[in-house]
Amino acid sequence: MNTKITDCIRCDFPLLIQTNEAYLDNAATSQKPYCVINAVEDFYKHSNANPLRGLYELSVNATDRYEDAREAVAKFIHAGESAEIIFTRNTTESLNLIAYSYGLSNLREGDEIVVSITEHHSNILPWQMVARSTGAKLSYLECEQDGRITDEAIEKTITEKTRLVAVGEVSNVTGRRNPVEKIIEKAHSVGAVTVVDGAQSTPHMAVDVQAMNTDFFAFSGHKLLGPMGIGVLYGRRELLEAMPPFLTGGEMIQTVSREGAVWAELPHKFEAGTVNAADAVGLHAAIDYITGLGFDAITEREDALTAYAMEGMKKIPHLHLIGSEDPAEHNGILNFVIDGVHPHDISAILDADGIDVRAGHHCAQPLLNHLGFRSTTRASLMFYNTEEEVRRLLGSLASVRSRMGYED
Amino acid sequence: MSNRSFYNEILTEHNMHPDFKHPLPDADLVLEGINPTCGDDIFLRLKVDENDNIVDGAYDGDGCAISQASADIMLGLIVGRPREEALHLADIFIRMIKKDASEEEIEELEEASALRDISHMPSRVKCAVLGWHTLQEIFKPGGRKTAEENAVRMRPRR
């Protein structure tokens, strides 16, 4: 395999150097490079003070590093300004913020919420909650057997009554990128607001929220080499300004009286309590690292690994891969079933061989049911994986049926 | 990494060619056992005479080889025994999986002792005990002839 990124990249990742395991569960969370781990440590060693409040130099420095991270995130996803970037814990919290703050105050009976069937539970359950609380109707944008959302489905499902459309940019089950631009265009044409879940897309492709023209965009730091516990919500300024706070308390006010309070300006209105500055600084380091590599090189490497894996999987009898035939449409995600062997047994056998994959419903039960599966096994690749690891995966998979007592 | 050995022949044989995976329309007791962490699911059905002897049993469901084979092995062991003996064996089995049973006790489990190595794999313990736990619950009040609404939900793994 001749790619710009080589196996040497693994030297940037302490866990990958230490382990003999093939870590192929990257869609669940990514490994962290030294620069991220060091940035978090450095914050606590040299800049630790409560940001945004203290008037002394250390606190000012902590504030600067936190706000620099916000600036870096804004640049990374091409937000118009950094005040449109809210730090949260993760994608789930970002999506819940939109649901509780925007959803509950803007939707009412007779309105429709459209959610794509390809969603992770975290982009379904908040909308089920909004529908239950407001009386709005929840409808699903269905996909084809290979995970594709067609133009006809978009036209049919998004109606004059639709007030909000929630869709993942990349499915964590099929790895396919949804036609978010078309969905957003249609949603806006009927006056609906759009929510894009970028948890699976941000690690693999450049994102431009303004070109995409989405109203909201959510993602997690930990899937893109950053620390766990830091996530992002992007929202258009007009919408964020009109929305009530999600959580109330410290650091999100201008003034508080006995009777009430005046909320702080954006983005602080949505960041109640002491912020997670150290992990924001870690996310900043992750973004710098990824930007340094460049998405062209990342995609080249991940597509080459995916193509190699798919070619091998096609030759394994009784193995059925879910999703597109085209490796470039998988974003590193290889989800499959093997006839007669339960996904948990597949994953236990791979574990015995030192290969880490995910088995189950992948927090996307409605999609799995729609596609006719109860559970599947998922290997998910990142640019730091190697051809050798994929070869080990293929070798193990080829032996699964015989190890479960089948003769072929 | 200790599971190389544990997809042994006894387990794969019971998974692929189960003796008790079939309908039992005239069952006296029916209970569904669910493991929500992984979606394993079995329906346990027992025929019990007036003296609380288990005269027949069957299961069906969907799940990994460990959960399905464990239920099959369990039925092979308990059909023909009085209820108290079956519950005694369930108690030993569950303790075996928690590494809390003596060698003498494990011997009583006969073929089911083939699953003892699962005690080294915390992520699969729930699969192994699903059938046995359902057996314990089926004899409690409410286990009779009520399936779905009485499903035994095992607590999610912490």
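How many bridges join β11(A) to strand β12 of chain A? Three bridges join β11(A) to β12(A) (residues 333-338), and the two strands run antiparallel. Strands here are DSSP runs of E with at least two residues, helices are runs of H or I with at least four, and both are numbered from the N terminus. Strands pair if DSSP finds at least two bridges between them.

The model is predicted: local features need pLDDT of at least 70 and side-chain atom pairs count only at pLDDT 80 or more, while totals for chains, interfaces and linings use all residues. Residues are numbered from 1 along each chain as its sequence is written, and chains are lettered from A and ligands numbered from 1 in the order in which they are written.

In chain A, β11-β12-β15-β14 is the order of an open sheet of four strands with antiparallel pairing. β11 (319-321) and β14 (358-360) of chain A are at the edges with a single partner strand each, so one side of each has no neighbour in the sheet. From one strand to the next the twist averages 30°. Within the sheet, L321(A) stands opposite F336(A) in β12(A). Helix α11 (residues 295-314) of chain A lies across β11 and β12 of chain A, at about 10° to β12(A). Such angles run from 0 to 180 degrees between N-to-C directions, with axes fitted to C-alpha atoms, for helices over the stretch in contact.

An automatic or database domain assignment divides chain A into domain 1 (7-30 + 294-403) and domain 2 (36-291). In contact (C-beta atoms, placed from the backbone, within 7 Å) are 23 residues of domain 1 and 27 residues of domain 2 of chain A. On the domain 1 side, α11, β12 and α13 (365-371) of chain A each supply at least two residues.

The largest nonpolar core has 155 residues, and among the members that touch the most others are V73(A), I113(A) and F93(B). Such a core joins buried Ala, Val, Leu, Ile, Met, Phe, Trp, Tyr and Cys residues through C-beta atoms within 7 Å. Both domains of chain A give residues to this core, so it lies between them.

Chain A brings 15 residues to its contact with chain B, and chain B brings 14 residues. Helix α12 (residues 343-352) gives six residues, the largest share of the chain A side.

| Class on the chain A side | Count |
|---|---|
| Nonpolar | four residues |
| Polar | seven residues |

Nonpolar means Ala, Val, Leu, Ile, Met, Phe, Trp, Tyr, Cys and Pro, charged means Asp, Glu, Lys and Arg, and the others, Gly among them, are polar.

Methods. Two residues are in contact if their C-beta atoms, placed from the backbone, lie within 7 Å. A residue is buried if 20 or more other C-beta atoms lie within 10 Å of its own, exposed if 12 or fewer, and partly exposed in between; C-beta atoms are placed from the backbone.
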